[in-house]
Amino acid sequence: MIIEPIVTFRQELIVPANYGTIGYMNADQKKKDFSERLNKALNNVGFPKKGAGRQIELANIFGVSQKGARKWLEGESIPKFTRLQEIALHFGLRVEWLASGEPPMYRPGGSKENLSTSHKDTSAYRKEEQVLLDKYRLLSPEDRTRLQAIIDALDSTMKAVTNEHCQQMDLNK
């Protein structure tokens, strides 16, 4: 839409009525909309319900205070962009969707089905495990297959070493 101002003798700006209203989204509305999107994403992955540990769980995952997590969830504040990126990455969301609502919600390969248990026991994860999980989510399907083959090979090797060690222990009895 192109708005063409009309300049009059008194130099006032007149916007013809057929263009509708010109306005902006206030900060409170942006915060409320963000909290609705965040809560929707958390609901989709089976996160604890409001009043059942949601704030604490979110705070633990992202290393923020419970008060900070509450502000995000209740529409009182929006995290800085770098934190938005972390949240989006963790839950397989597009940053654009989380920040503004621009569809689609999920990144390619980051569907709700793939992440339905991603948050469970996250507080028990060590930081290194979470970093690996986040990096895994960024892999293409082909790279995930290759990584799984490497893990399977390591697992087989470890089982063989363990079996050999157990057999040696039995011989020493």
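**View 1. Helix α2 and its buried residues.** Helix α2 spans residues 54-62, with Arg54, Glu57, Leu58, Ala59, Ile61 and Phe62 buried. Buried means under 20% relative accessible area, with a 1.4 Å probe and protein chains only. Helices are DSSP runs of H or I, at least four residues, numbered from the N terminus. This is a predicted model: local features need pLDDT of at least 70, side-chain atom pairs count only at pLDDT 80 or more, and totals for chains, interfaces and linings use all residues. Residues are numbered from 1 along each chain as its sequence is written, and side-chain values use heavy atoms, without hydrogens or water. The buried residues of α2 pack against α1 (27-44), α3 (66-73) and α4 (81-91); contact means heavy atoms within 4.5 Å.

**View 2. Helix α3, one face buried.** Gly68, Ala69, Trp72 and Leu73 are the buried residues of α3. They fall within an arc of 135° seen down the helix axis, so they line one face. The arc is taken from the directions from the helix axis to the C-beta atoms. These residues pack against α1, α2 and α4. Just after α3, Gly75 takes a positive phi of about 75°.

**View 3. The largest nonpolar core.** This core has 23 residues; Leu38, Leu58, Phe91, Leu93 and Leu98 have the most contacts inside it. Helices α1, α2, α3, α4 and α5 each supply at least two of its residues. A nonpolar core is a set of buried Ala, Val, Leu, Ile, Met, Phe, Trp, Tyr and Cys residues joined through side-chain atoms within 4.5 Å.

**View 4. A cis peptide bond.** Pro103 and Pro104 are joined by a cis peptide bond, with omega about 0°. Pro104 lies in the loop between α5 (95-100) and α6 (127-138).

Key: Buried < 20%, exposed > 50% of the residue type's maximum accessible area, 1.4 Å probe, protein only.
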